[in-house]
Amino acid sequence: MIKLSFRHLGFTLVEMLIYMGLLTIFLAVIGTIFFSIIDLQLESQATSSVSESGRYLLSRISYDVHRAQSITTPASPGLSSPSLVLSIGGVTYTYAEVAGTPAFLQLTAGGLVDALTGSDAQISNFSATRVGNASGKNSLKVSFTLESVTTSLSQKHETKDYSTTITL
């Protein structure tokens with residue numbers, strides 16, 4: 001007669017608890033690593049979008065100021081304005097901040113309207129200040145703040161202030 005022993009075919013309750021405890025620790029560590037990677041990726045994306053938008057805005061404004069025949073607004077040295085109005089080849093170019101979600105820098109030129117900041121960054125505190133004296137070269141100080149729309153898991157926004165002086 002053959003006698004079967006079922007004693008070694010299963011797990012004991014203690015073994016199951018040990019396996020479940022180890023699995024829980026393993027999943028907690030993997031989850032923490034995963035969320036850290038996601039947070040770092042979101043933070044990197046926010047920093048990149050702010051830097052990219054800032055470089056684009058500075059280069060676009062500099063390009064237009066360098067080819068402008070005159071600066072209409074701000075009108076005279078020492079004045080500051082929340083918009084910049086230039087005359088280029090008989091066409092009026094107007095840079096102005098438009099409130100919204102997100103706020104953006106708008107360029108109006110010859111009846112065409114273009115939003116210069118993308119949907120991943122918003123602008124604030126746009127200011128154009130005429131510098132120099134009345135008999136000197138026309139120069140502008142342009143400053144603005146960009147803030148990322150994308151946030152990290154810790155709800156931090158990337159914010160960067162930009163400022164440059166451009167001579168006509």
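Predicted model: local features only at pLDDT ≥ 70, side-chain atom pairs only at ≥ 80, totals over all residues.
Start with the overall layout. The secondary structure comes to one helix and nine strands. Along the sequence the pattern reads α-β-β-β-β-β-β-β-β-β. The radius of gyration is 29 Å, well over the 15 Å that the globule rule gives for 168 residues, so the protein is more spread out than a compact globule. The C-alpha trace spans about 115 × 30 × 25 Å along its principal axes. Buried residues make up 28% of the 168 residues. Now take the contacts between residues at least 6 apart in sequence. Of these, 48% join residues at least 24 apart.

Next, the helix. Helix α1 covers residues 13–66, and tyrosine 19 lies in it. With a relative accessible area of 45%, tyrosine 19 is partly exposed, because that value falls between the 20% and 50% cut-offs. Tyr19 also belongs to a nonpolar patch on the surface.

The structure holds two salt bridges. Aspartate 64 takes part in one with arginine 60, where the closest N and O atoms are 3.2 Å apart. These two residues are four apart in helix α1, so about one helical turn separates them. Aspartate 64 forms another salt bridge with arginine 67, with the closest N and O atoms 3.0 Å apart. Arginine 60 is partly exposed, at 21%. Arginine 67 is also partly exposed, at 30%.

Turn now to the strands. Strands of a sheet pair through backbone hydrogen bonds, either parallel or antiparallel. Here, an open sheet of four strands has the order β2-β7-β8-β9, and the pairing is antiparallel. β2 (80–81) and β9 (159–167) stand at the edges. Each has a single partner strand, so one side of each is left without a neighbour in the sheet. Inside the sheet, strand β7 (residues 121–131) runs antiparallel to strand β8 (residues 139–148). Nine bridges join β7 and β8. Serine 127, for one, has serine 143 in β8 as its bridge partner.

Notes:
Residues numbered from 1 in each chain as written. Heavy atoms only, no water. Patch = residues over 30% accessible without salt bridge, like charges linked within 9 Å, V, L, I, M, F, W, Y side chains within 5 Å. Areas by Shrake-Rupley, 256 points an atom, 1.4 Å probe, with all protein chains shown as cover. Salt bridge = Lys/Arg side-chain N within 4 Å of Asp/Glu carboxyl O. Buried < 20%, exposed > 50% of the residue type's maximum accessible area, 1.4 Å probe, protein only. Rg over C-alpha atoms; globule rule 2.2 N^0.38 Å. Contact = heavy atoms within 4.5 Å. Pairing = 2+ DSSP bridges.
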